Amino acid sequence: MTALNDGWFTEVFQDQGTAFSLQVKKKLHEEQTPFQKLEIYETETFGNLMVLDGCVMLTTRDNFLYHEMMTHPALFTHRDPKKVVIVGGGDCGTLKEVLKHPGIEEAWQVEIDERVTRVSEEYFPELCEANSDPRANFFFGDGIQWMRDIEPNSVDLIIIDSTDPVGPAEGLFALDFYRDAMLALREGGIIVQQSESPLLHTHSIIKGIHEDMRQAGFEHVQTLPFPQPVYPTGWWSCTMASKENPIKYFREEDANNRPFVTRYYNAGVHRGALAMPQFMVDALEDEVRPTEG
């Protein structure tokens, strides 16, 4: 549920008894796409704000936290990533971070709603700077079917940069999708899924992601928490899984000597994100124990 009163945009999480607000200057854009209601606001202190079906998606001020953590930990964990597929990610921020890595030869953004990308090009141009990179490829359509149809053993990294697991994104949090992703990945391949709030969703969503990924054949699964002020509780996560190699090890020297600028990610942040808080360890105990040996 959302409200716009006295110059404040408020997203209410009724089932959790909480809400988040941003003071806005004006609404910049509104449309009903074939898939969802898309709104852009100019805020007082967080730059532009994108809202999909009443849910906060990103702001100019803090999106780097999410985009960097959805990409760089996995890219520096993989031994030598060449081809990356992003399912979702229509704002193009994840694509931009992926293409900062000079070793990437091919990146695909598979987004169901083209209007999200076109509106982002207008209101979040800084996130779309890599859209003209010759390594960037775009497919606007169903990511679930696209993953089902892709050539087996053809991808190094799959990033599921989706909205919450309802509506069009619900099938991206499913066992069948993880099985298709497993087949698409090459040896040493990694999958990353945005996995909601550790505080609110460890039992209801994150535990199910761990179970489904393992059932799909991923041997190593790890959730990495990180701050995200505009999302429920201000604390978010991604869950990373690999076919063969333990994901608690990463190319630390390469991360330290990365040839590009980051604002949040570094090797220390990466190490710290691998340490889950105790309540998550307790909740996921059966799933995390095999990765700790």
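Biologist: What should I know about the model before we start?
Modeller: It is predicted, so local features need pLDDT of at least 70 and side-chain atom pairs count only at pLDDT 80 or more, while totals for chains, interfaces and linings use all residues. Residues are numbered from 1 along each chain as its sequence is written, and side-chain values use heavy atoms, with hydrogens and water left out.

Biologist: How is the protein chain divided?
Modeller: Into domain 1 (6-57) and domain 2 (61-282); the bounds come from an automatic or database domain assignment. Their C-alpha centres lie 24 Å apart. The contact takes 19 residues from domain 1 and 16 residues from domain 2, where contact means heavy atoms within 4.5 Å.

Biologist: And what area is buried between domain 1 and domain 2?
Modeller: About 1,900 Å², with 68% of it from carbon and sulfur atoms. Buried area here is the accessible area (1.4 Å probe) that two parts lose on being put together, summed over both. On the domain 1 side, Phe-35, Phe-46 and Met-50 lose the most area to domain 2, together 29% of what that side buries.

Biologist: How many salt bridges cross that interface?
Modeller: One. A salt bridge is a side-chain nitrogen of Lys or Arg within 4 Å of a carboxyl oxygen of Asp or Glu. Eight residue pairs are in polar contact across the interface, both residues at pLDDT 80 or more. A polar contact is a pair of N or O atoms within 3.5 Å; within protein, one must be able to donate a hydrogen and the other to accept it, and residues adjacent in sequence count only if both atoms are side-chain atoms.

Biologist: Switching topic, which residue has the "active site" annotation?
Modeller: Asp-161, according to an unreviewed UniProt entry. UniProt positions are given in the numbering used here, feature names are shortened, and annotations may be inferred rather than shown by experiment.

Biologist: Where is Asp-161, and is it buried or exposed?
Modeller: Asp-161 is in strand S10 (residues 155-161). Strands (E, at least two residues) and helices (H or I, at least four) are DSSP runs, numbered from the N terminus. Asp-161 counts as buried because its relative accessibility is 7%; buried means under 20% relative accessible area, exposed over 50%, partly exposed in between (1.4 Å probe, protein chains only). Not counting residues up to four places away in sequence, Asp-161 touches residues including Tyr-66, His-67 and Thr-94.

Biologist: What about the "binding site" feature?
Modeller: The unreviewed UniProt entry places that feature at Gln-36, Glu-111, Asp-142, Gly-143 and Pro-168. Glu-111 is in strand S8 and is buried, with a relative accessible area of 8%.

Biologist: Back to charges. How many salt bridges does the rule count?
Modeller: The count comes to 18. In one of them, Glu-39 pairs with Lys-27, the closest N and O atoms being 3.0 Å apart. Glu-39 is in strand S4 and Lys-27 in strand S3, twelve residues apart.

Biologist: How accessible are Glu-39 and Lys-27?
Modeller: Glu-39 is buried at 5% relative accessibility, whereas Lys-27 is partly exposed at 37%. Lys-27, Glu-30, Lys-37 and Glu-39 are linked in a network of salt bridges.

Biologist: What separates Arg-118 and Glu-114 in helix H4?
Modeller: About one helical turn, because they are four residues apart in helix H4. Arg-118 forms a salt bridge with Glu-114, with the closest N and O atoms 2.9 Å apart.
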